[in-house]
Amino acid sequence: MTLMHGFQPRASRRLYAAADNAPDLPAPDSVRYEQLGYMRGFPPAPEKQVTRSDYLVQYPKLRWAFQHMRELIPSRQVRRGAAALSVLEAGEDQSAAINAMPVELRDGSTIDFAEFLLRSYTDACIILHRGKIIFEHYPNQPDPLSPHMLWSVSKSFTGLIAALLVAEGTLDAQAQVTDIIPELADSGWRGASVQQVLDMTADIKYSEVYADGTSDVIHYGLSAGITQSPEWTGPTSLYGYLPSIGAAREHGRYFAYRTVHTEVLGWLIRRTSGQDVATLIGERIWSKLGAEEDALMLLDPTGTEWAGAGLNATLRDLARFAEMLRSGGCWNGEQIIPEAIINDIRGGADKAAFAGFGRRGMEGYSYHNQWWISHNPDGVYEAMGVHGQLIHINPAAELTVVRTASHPIASNEFTYEMTRSALEALAEYLRKAGV
């Protein structure tokens, strides 16, 4: 089966948006992990082999790959350190009730939560209420201790590190990017501030349409080593690629989601702190969580982390991270992230600048410090990655949800309306149930 809806080195395709333009997708039950049989045997059969050049373009190879990325691409550890394991307390198991919970979709139809997870091509999902696990499910991840590819959830970690450096005076949010990175003096970031990069309102000549094989995001992926093609003759490193991106409109007026902004942010972090991003995440966040496992970040051909896409971690460790944020940055009796930083993120940014982005299901949102901010009555904010990766934090409902997935279509625009409906229904169920 070949579905080429992810990063592609060639062959232009359009981004599927509306439901009536949806492509034919494989039935979720037909691509269950245990049925795939990839990379088994010594050697694996040729048709069951997965490589860096094909894992994103021959579905469902990515379902296997997202749980084995360090076997395909070089990586750097994000160390858990020597801290004792922190216990995630089990609450009353709500799995049966949650799976049966009705979810009304925007088109007027109703599904249950279990169907939502199935349609999302979920690999694993964990739900915590008031800090206790009430739902944990691994439908397509046979090893819960395998780190899962998080894609742009990585951005939110990078944003937190940048915010810490800003709070400590190491990085100036109002500084010009090119004053810190003169290598970008002739690029589209000329005249942009660090904060505009954090909020993705620096405007550059760059398109990020995952299903279009001619989009600039494909050039980013090939330069970073995310995918490979013998036809690619461009840069083979992030530091080589970023200076080639040109200018567009006025900085500060328009939000446009572009992963390369986070790669510039990673460069700013390294240049000002003198440390790589993986080390900083490990020292400042991961080693303080009592995580079960090391996380890891994938590297470009010159050993530079994909600051905007490369993090891999286990579901339960991500739940620890999300609960730390929901708890105001405090975990295991330690203030890991200053509460003022979290409050600033939750406050969001310019909703008018975001409105032109036009993603369905995100009406009223903004984007701030690499986080998606709902501005809804519950104060929801989220980290999201392509193919369905999600950290959802609902402070008012005392709810955190982490989902990993391997949806055939990269863009979350295809599923976000359904996701928002499901999570709003979940919050309402918990309020009514009083659990």
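Is Trp372 buried or exposed? Trp372 comes out at 3% relative accessibility and so counts as buried, where buried stands for under 20% relative accessible area, exposed for over 50% and partly exposed for whatever lies in between (1.4 Å probe, protein chains only). The model behind this is predicted, so to speak of a local feature takes a pLDDT of at least 70 and side-chain atom pairs count only at pLDDT 80 or more, while totals for chains, interfaces and linings use all residues. Residues are numbered from 1 along each chain as its sequence is written, and side-chain values use heavy atoms, with hydrogens and water left out.

Aromatic contacts come next. The structure holds 20 aromatic pairs; rings of Phe, Tyr and Trp (its six-membered ring) pair if their centres lie within 6.5 Å, and planes under 30 degrees apart count as stacked, over 60 as edge-to-face and the rest as tilted. One of the pairs is Tyr59 with Tyr121, with ring centres 6.4 Å apart and planes at 85 degrees, so it is edge-to-face. This pair links distant parts of the chain, 62 residues apart: Tyr59 is in the loop between α1 (33–36) and α2 (61–65), and Tyr121 in the loop between α4 (113–119) and β4 (122–129). Helices (H or I, at least four residues) and strands (E, at least two) are DSSP runs, numbered from the N terminus. Both tyrosines, Tyr59 and Tyr121, are buried.

Trp372 has a ring partner too: its centre is 6.1 Å from that of Phe255 and the planes are at 80 degrees, so this pair is edge-to-face. Phe255 sits in the loop between β8 (246–247) and α10 (259–273) and Trp372 in strand β14 (residues 371–373), so the contact ties together parts that are 117 residues apart in sequence. Phe255, at 6% relative accessibility, counts as buried. Ring pairs also join Phe255 and Trp372 to Tyr257, Phe354, Phe357 and Tyr367 in a cluster.

Two charged side chains sit over rings, meaning that NZ of Lys or CZ of Arg is within 6 Å of the ring centre and within 35 degrees of the ring normal. Lys48 has its charged end over the ring of Tyr38, 5.4 Å from the centre, and Arg249 lies over the face of Tyr254 at 3.8 Å from the ring centre.

What does strand β14 pair with? β14 runs antiparallel to β15, joined by 2 bridges, and two strands pair if DSSP finds at least two bridges between them. Trp372 stands opposite Glu382 in β15. In strand β15 (residues 381–385), 5 of the 5 residues are buried, so the strand is largely enclosed by the rest of the structure. Tyr381, Ala383 and Gly385 point one way, with Glu382 and Met384 pointing the other. On to strand β16 (residues 389–394), which pairs with β15 in the antiparallel sense over 5 bridges, with Leu390 as the bridge partner of Met384. The hairpin of β15 and β16 has 3 residues between the strands, and His387 takes a positive phi near 65 degrees there.

Most residues other than glycine have a negative phi, and most peptide bonds are trans. Cis peptide bonds join Phe42 to Pro43, with omega about 10 degrees, and Tyr59 to Pro60, also with omega about 10 degrees. Asn369, in the loop between β13 (366–368) and β14, has a positive phi near 55 degrees and counts as buried at 5% relative accessibility. His375 lies in the loop between β14 and β15; its phi is positive, about 60 degrees, and at 29% relative accessibility His375 counts as partly exposed.
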